[in-house]
Amino acid sequence: MRASLLHHARTAHVSRAFLSRTLTVSAAAAAGPVSVPSVKMAASKSQSGSRVLLGMSGDELQQLALDLGQQSYRGKQLHHILYKRKVKEIHDFVQLPLEFRRELQEAGWSVGRSPIHKAVTAADGTVKLLIKLEDNLLVETVGIPVEDDKGSFRLTACVSSQVGCPLRCSFCATGKGGFSRNLKRHEIIEQVLAIEEVFKHRVTNVVFMGMGEPMMNMKEVLEAHRCLNKDVQIGQRMITISTVGVPNTIKRLASHKLQSTLALSLHAPNQKLREKIVPSAKAYPLDAIMKDCRDYFLETSRRVSFEYTLLAGVNDAVEHAIELAELLHKWGRGHHVNMIPFNPIEGSEYKRPYKKSVLAFAAALESRKITVSTRQTRGLDASAACGQLRNEFQKRPLHAGTDHQQSQSEVAIAS
């Protein structure tokens, strides 16, 4: 979708520059002392076609300033305004000349921030936000504050990568709500900034464990990852990308050699049970996905974390834990299992396991030399499981007639 741009000469030049995949320095800048490298990423576009500042790098913002006839330091100011001051509207960029602000607006630029539609706070301090996107779709993000015994404070943002999810895992509220589209990079980044705004505190950790399958939106997820790391300045090792497993994508992710954690949503120790819980597993046999995880470790030297949602009477028996340990040992060493007691959702056939079952499962793994952690359940009174709050406010399943939509049959050929 392309906006019809620009009616005077200066902004016409901007249009030509940013529609190309690489940006070149304008003639005026080339004549001066400032040298700005070519920029590889084009500006992100909103659903309406306007061009979005959020997600652009420092080099890109300096190039934008040059293309609008400004000095490159104005781009540095833009970067500070977006990522340090986190201003939401161009007309509030008071550090910039009024003429520059007008030129940005006339050229079709926007910040790319969306309003918070609903906020729910749980008794434990967890906050779930519903963000209303430009096309009126709702996306969830969760802020999870943790203070340890030593008084150290950690704020984790659990972010979504899609509006809904096409994979329809049987225990997941997001899949029950339908799938609409992939999120743009700025729509991912703004979730982190919204959490910071609500808590009035820097986000220290980001987990791509909200709505959607990140690997089915890898381009935007990687661009958001770059921005969160380089511009918002969250360390790569403080970022986790979760996947249920999409063929060919773990290899692609490994090629980027990120220092972030890959978390595989396993949920079962064998193929038959996994297909029941995760229907898309039919397209990605367990041995194939485990081989890709082993290769990921060899390529990146980063340990893969295995997420295992415990469903009472389904996959939480000690026998399942023993089988899981055997599977992990077969494919390598140093594995970590993050056990997640099921968060109850309306209309689900699954039940939350008893505490004694969780403890027995963990003990069986630990006795077999598997590192185990049990995720502390947060936000039960805030509909904190993925998709729950969004489903309450957007009851009708979403079916998008766009080329972003991906059916389950397409999972097998994702590349």
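Mentor: Happy to! Keep in mind that the model is a predicted one. Is Gln-70 buried or exposed? Its relative accessibility is 15%, and buried means under 20%, so Gln-70 counts as buried. Which residues does Gln-70 touch, once neighbours within four places in sequence are left aside? They are Ala-65, Phe-100 and Glu-103.

Now for the strands. Strand β9 covers residues 178-182, and five of its five residues are buried, so β9 is largely enclosed by the rest of the structure. Its partner here is strand β8 (residues 162-164), which pairs with β9 in the antiparallel sense over three bridges. To find your place in that pairing, look for Gln-162, which stands opposite Asn-182 in β9. As a general point, side chains in a regular strand alternate between the two faces of the sheet.

Next come the helix pairs you asked about. Take α7 (residues 185-199) and α8 (residues 218-230): their axes lie 8 Å apart and the helices pack at an angle of about 45°. That angle makes α7 oblique to α8. The crossing of these two helices, α7 and α8, is right-handed. Where do they meet? On the α7 side you will find Arg-185, Ile-188, Ile-189 and Val-192, and facing them in α8 are Glu-220, Val-221, Glu-223, Ala-224, Cys-227 and Leu-228. Sorted by kind, the residues of this contact of α7 with α8 are seven nonpolar, no polar and three charged.

Then turn to α12 (residues 318-330) and α13 (residues 355-366). Here the axes are 8 Å apart and the packing angle is about 30°. Angles under 35 degrees count as roughly parallel, and therefore α12 and α13 are roughly parallel to each other. The crossing of α12 and α13 is right-handed. From α12, the contact uses Val-318, His-320, Ala-321, Leu-324 and Ala-325, while α13 brings Ala-360, Phe-361, Ala-364 and Leu-365. In this contact of α12 with α13, eight residues are nonpolar, one is polar and none is charged.

Note on methods
Residues numbered from 1 in each chain as written. Predicted model: local features only at pLDDT ≥ 70, side-chain atom pairs only at ≥ 80, totals over all residues. Heavy atoms only, no water. Buried < 20%, exposed > 50% of the residue type's maximum accessible area, 1.4 Å probe, protein only. Contact = heavy atoms within 4.5 Å. Axes fitted to C-alpha atoms, helices over the stretch in contact; angles between N-to-C directions. Helix = DSSP H or I, 4+ residues; strand = E, 2+ residues; numbered from the N terminus. Parallel < 35°, antiparallel > 145°, perpendicular 65-115°, else oblique. Left-handed = near helix turned anticlockwise from the far one by under 90°. Nonpolar A, V, L, I, M, F, W, Y, C, P; charged D, E, K, R; others polar. Pairing = 2+ DSSP bridges.
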